[in-house]
Amino acid sequence: MKFDSSIDLTFTRKIAAPRTLLWECWTTPEHVKNFFVPKPHHVVDCQIELRTGGRFNTTFKIEGKEMRNEGVCLEIVEGHRLVFTNVYTEGWRPAADPFMTAIVEFEDHPDGGTIYTVTVRHSSEDARKRHEEMGFYNGWGTAATQLEEYAKSLQAKGASAS
C-alpha cells in the first residue's frame, strides 16, 4: 500500500493487548460500540457482515444528534487487516456523499501487545484536509486509547479472543 500524504492520513500506536482480541473488538458489533467514537459521544448501532461486500454500518450519537454511516467491507485478512469504506453501501450501491476508506491493521509486537495502524484514504485533498481539521489524529487516537482500555477490561474479565 503506497501512502499518499495529499489524500491519506495515518497513525500507528502500540496497544497493550493481543492482536486477536483487538481483531475481535473491531469485528464484533457489540464490542465496536464500546470504543469507536471518542466519549462522551457513542455508537448507538453497529452492523457488520464480515465478508467482502458485507455491510459495515455504524450510527453515532454526537451532541444529541444521530449520524448514520453506511458502508461495506472491502478486504478482510482474518486477524490482521480490515478495510471498509463509505464510498459504497451494501449491494455495491454508490454512496451519495462518500468520505473515506479506512484500513485498520494489526501486527504482533515483538515485545508483546499489538502494533495498531489506521490509515484513512480520501477522494481528494480537500476531503483529507477537512478530516484532519475535524480532528483525525485526536479522534482516532482517542478511539485507540478507548480500544486499549476496553480490550484490557475484557482480559480482566477473563474474556478470550476467538
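The model is predicted, so to speak of local features a pLDDT of at least 70 is needed, side-chain atom pairs count only at pLDDT 80 or more, and totals for chains, interfaces and linings use all residues. Residues are numbered from 1 along each chain as its sequence is written, and side-chain values use heavy atoms, with hydrogens and water left out.

Let's start with α3. Helices here are DSSP runs of H or I with at least four residues, and strands are E runs of at least two, numbered from the N terminus.

| Side of α3 (residues 125–134) | Residues |
|---|---|
| buried (under 20% relative accessible area) | A127, R128, H131 |
| exposed (over 50%; 1.4 Å probe, protein chains only) | E125, D126, E133 |

The buried residues A127, R128 and H131 lie on the same side of α3 because they cover an arc of only 100 degrees around the axis, taken from the directions from the axis to the C-beta atoms. Their cover includes β1 (8–15), β10 (114–121) and α4 (136–156). Just after α3, G135 has a positive phi of about 110 degrees.

Now to α1 (residues 19–27), which packs with α4 at an angle of about 115 degrees, the axes being 10 Å apart. Axes are lines fitted to C-alpha atoms over the stretch in contact, and angles run from 0 to 180 degrees between N-to-C directions. The two helices, α1 and α4, are therefore roughly perpendicular, a term for 65 to 115 degrees. In the contact (heavy atoms within 4.5 Å), α1 contributes L21, L22, C25 and W26, while α4 brings W140, L147, Y150, A151, L154 and Q155.

Key: Angles under 35 degrees count as roughly parallel, over 145 as roughly antiparallel, 65 to 115 as roughly perpendicular and the rest as oblique.
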